[in-house]
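Visitor: I am new to this one. Could we go through it a piece at a time?

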Amino acid sequence: MSAPSRFRPTLHPGAWWLWAISLGVAATRTTNPLLLALLLAASGYVVATHRSSAPWARSYTAFVRLALAVVVIRVLFAVVLGSPIPGTHTLLTLPEVPLPHWAQGIRLGGRVTAEAVLFAAYDGLKLATLLVCVGAANALASPSRLLKSLPGALYETGVAVVVALTFAPHLIADVRRLRAARRLRGRPDRGLRGLLQVGLPVLEGALERSVALAAAMEARGYGRTAEVPAPVRRTTTALTLGGLLGVCAGTYGLLTAEGGTYGLPVLLAGVLAALAGLRLGGRRSPRTRYRPDPWGAHAWLVTGSGAAVAALLTLASVRDPEALHPGVVPLVAPTLPLWPAVAVLLALLPAFVVPREPS
């Protein structure tokens, strides 16, 4: 009776990526720390409930640490290099380094205000939330299953990305193992000397693993291409390049007030042309899929929940920009807008509708 459940369909990995990218888009529409904290909490809860025990799923912690480092570095830059944000609440005054006349507008040191530090923290938190959303996609979506779902034109690029994502956990495990071995021998594992003593064996092991993987992939026929007529190749190139240019022009039009009328049609035309180019480009890499992941109702729900969060926060940023971008001059505490906060909670839908994958 357990055989059917062993092969039950699981969520398409592309749905997790679309959900995470949508949350990242929503994070770019606001600097309100309360809304960003809700996005972080929602994505973290979904990761905690649906992350597997695979090695690639452990990358979420690394992304969280990187996000914290981004916030700290952004605040340090504002403290050391100054900020254009005016402020009256002085926290400290650093020794100011005089700069030549050609460096006008830049300062080193000087007065550090609470308004400038708070603005830098808001800005850094937005980028940190975007990084954590990407980390959530890495922790939830299997790289190997995602590779199977890529179109044939992107297969070689997908292989390179999947290999890189797969090797990263092995490098972290090697570093931990070597540091523990050095501690057991009473040798230093920190500082520049410890880094060199640990880094060289890790690099050697990575090179050996890369050579072995390259030989195994070559033996299995990776990199084979089929003959494609010259007109098809030229059409593929024209569609792909034209589609990418259309996407860039359409996106620029949507971001500017003057291009609001032509931005969306150009963007849609560029996307269609790029998809057609990818479809034709897939003829160079003939391959089959073994047990392809189905795109079912759960995938639509997950993708729709993320897209709804991105769309609602984009709408809120247009209708009520002050709530989504709280000011720091004068220095006031940010408030939590009600309906954008409810919209962010839609990101929790995957935690309740998606069944957990078997271990």
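Visitor: Leaving aside neighbours within four places in sequence, which residues is S59 in contact with?
Guide: This is a predicted model, in which local features need pLDDT of at least 70, side-chain atom pairs count only at pLDDT 80 or more, and totals for chains, interfaces and linings use all residues. Residues are numbered from 1 along each chain as its sequence is written, and side-chain values use heavy atoms, with hydrogens and water left out. S59 is found in helix α4, helices being DSSP runs of H or I of at least four residues and strands runs of E of at least two, numbered from the N terminus. With contact taken as heavy atoms within 4.5 Å, and neighbours within four places left aside, the partners of S59 are N138 and A139.

Visitor: How many helices and strands does the chain have?
Guide: Of the chain's 359 residues, 34% count as buried. Among contacts between residues at least 6 apart in sequence, 78% join residues at least 24 apart. The chain has 2 strands, and its helices number 14.

Visitor: How far apart are the end C-alpha atoms of residues 299-318?
Guide: The unreviewed UniProt entry carries the annotation "transmembrane region" for several spans, among them 16-41 and 299-318. UniProt positions follow the numbering used here, feature names are shortened, and annotations may be inferred rather than shown by experiment. Residues 16-41 are 85% helix and 0% strand, with end C-alpha atoms 16 Å apart. Residues 299-318 are 100% helix and 0% strand, and their end C-alpha atoms lie apart by 29 Å.

Visitor: How is α2 oriented relative to α11?
Guide: Axes here are lines fitted to C-alpha atoms, for helices over the stretch in contact, with angles from 0 to 180 degrees between N-to-C directions. Angles under 35 degrees count as roughly parallel, over 145 as roughly antiparallel, 65 to 115 as roughly perpendicular and the rest as oblique. The axes of α2 (residues 13-28) and α11 (residues 297-319) come within 8 Å and cross at roughly 10 degrees. That angle makes the pair roughly parallel.

Visitor: What separates the C-alpha atoms of G306 and A347?
Guide: G306 lies in helix α11 and, at 0% relative accessibility, counts as buried. Neighbours within four places aside, G306 is in contact with W19 and S22. G306 and A347 are 41 residues apart along the chain, and the separation of their C-alpha atoms is 5.8 Å.

Visitor: Which side chains meet in a salt bridge?
Guide: A salt bridge needs a side-chain nitrogen of Lys or Arg within 4 Å of a carboxyl oxygen of Asp or Glu, and the count comes to 1. At an N to O distance of 3.2 Å, the side chains that meet are those of R74 and D123.

Visitor: How many residues apart in sequence are the parts that the pair of R74 and D123 ties together?
Guide: R74 is partly exposed at 25% relative accessibility, and D123 is partly exposed at 28%. R74 lies in α4 (residues 59-81) and D123 in α5 (residues 114-140), so the pair ties together parts whose separation in sequence is 49 residues.

Visitor: Which residues does a cis peptide bond join?
Guide: Most peptide bonds are trans. P330 is in the loop between α12 (321-324) and α13 (338-344). With omega about 0 degrees, the cis peptide bond joins V329 and P330.

Methods. Buried < 20%, exposed > 50% of the residue type's maximum accessible area, 1.4 Å probe, protein only.
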